[in-house]
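Please look over the sequence and the model below before reading on. The paragraphs that follow start with the chain as a whole and then turn to some of its parts.

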Amino acid sequence: MVTRESTALPKVLAAIEKAGYEVEKGKLEVSIEGMTCASCVQRIEKALAKVNGVTRATVNLATERAAIEFTQGMASESALLQAIEKAGYKAKTIGTEEKPADADERKSAAFKNERPAAG
């Protein structure tokens with residue numbers, strides 16, 4: 001998981017909320033194809049953290065998904081998807097593509113095709 005704790009953004013957002021204003025936050029869940037290891041996860045989390053307005057990005061290798069929290073108006077869905085694709089992976093917003101069970105079946109089929117034949 002990557003957060004922007006080391007930047008000024010969380011402090012600015014906290015100051016705005018402390019002053020009595022609401023900061024509109026967004027959450028996006030994304031399906032990611034092409035990850036094979038923990039380095040892939042880190043690469044995607046770092047790419048998302050570089051997008052202006054992202055406050056948190058968590059990528060799960062096992063489920064092939066990312067959960068992204070961002071400030072509305074600073075980051076857009078297309079910018080987040082482009083950051084993942086620029087890092088070398090395919091990304092789709094959840095709800096517009098396959099269900100988790102479909103992803104499990106696809107991974108299982110890929111695993112069976114990669115195993116050497118017995119004999």
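How many helices and how many strands are there in the protein chain? There are four helices and five strands, where helices (H or I, at least four residues) and strands (E, at least two) are DSSP runs numbered from the N terminus. Read along the sequence, these elements follow the pattern β-α-β-α-β-β-α-β-α. The model is a predicted one, in which local features need pLDDT of at least 70 and side-chain atom pairs count only at pLDDT 80 or more, while totals for chains, interfaces and linings use all residues. Residues are numbered from 1 along each chain as its sequence is written, and side-chain values use heavy atoms, with hydrogens and water left out.

Of the 119 residues of the protein chain, 33% count as buried; buried means under 20% relative accessible area, exposed over 50%, and partly exposed in between, with a 1.4 Å probe and protein chains only. The accessible surface of the chain comes to about 7,800 Å², and 51% of this belongs to carbon and sulfur atoms; accessible areas come from the Shrake-Rupley method with a 1.4 Å probe, and for residues only the protein chains shown count as cover. Among contacts between residues at least 6 apart in sequence, 69% join residues at least 24 apart, contact meaning heavy atoms within 4.5 Å.

Helix 3 (residues 77-86) can be followed in some detail. Its buried residues are L80, L81, A83 and I84. They lie on the same side of helix 3 because they cover an arc of only 155° around the axis, the arc being that of the directions from the helix axis to the C-beta atoms. An α-helix has 3.6 residues a turn, so residues three or four places apart point the same way. On the face turned away from the buried side, helix 3 carries the exposed residues Q82 and K86. The cover over its buried residues includes strand 2 (25-33), helix 2 (38-49), strand 3 (54-60), strand 4 (65-71) and strand 5 (90-93).

Leaving aside its neighbours within four places in sequence, L81 is in contact with V30, A91, K92 and T93. The C-alpha atoms of L81 and V30 are separated by 8.1 Å, although these residues are 51 apart along the chain. Just after helix 3, G88 takes a positive phi of about 105°.

E64, in the loop between strand 3 and strand 4, has a phi near 60°, a positive value in a residue other than glycine, and at 6% relative accessibility E64 counts as buried. G34, in the loop between strand 2 and helix 2, is partly exposed, with a relative accessible area of 48%. The C-alpha atoms of G34 and K90, 56 residues apart along the chain, are separated by 6.7 Å.

Finally, about 180 Å³ of space lies in the largest pocket. Of the 12 residues that line this pocket, the closest to its centre are P10, L13, K25, T55 and E69. A pocket is here, on a 1 Å grid over the protein atoms alone, an open set of points where a 1.4 Å probe fits, with protein on both sides within 12 Å along at least five of seven lines, and lining residues have an atom within 4 Å of a point. Grid points are joined across faces, edges and corners, and the volume is the space filled by probe spheres set on the points. Helix 1 (9-18), strand 2 and strand 4 each supply at least two residues of the lining, and helix 1 gives the most, with four residues.
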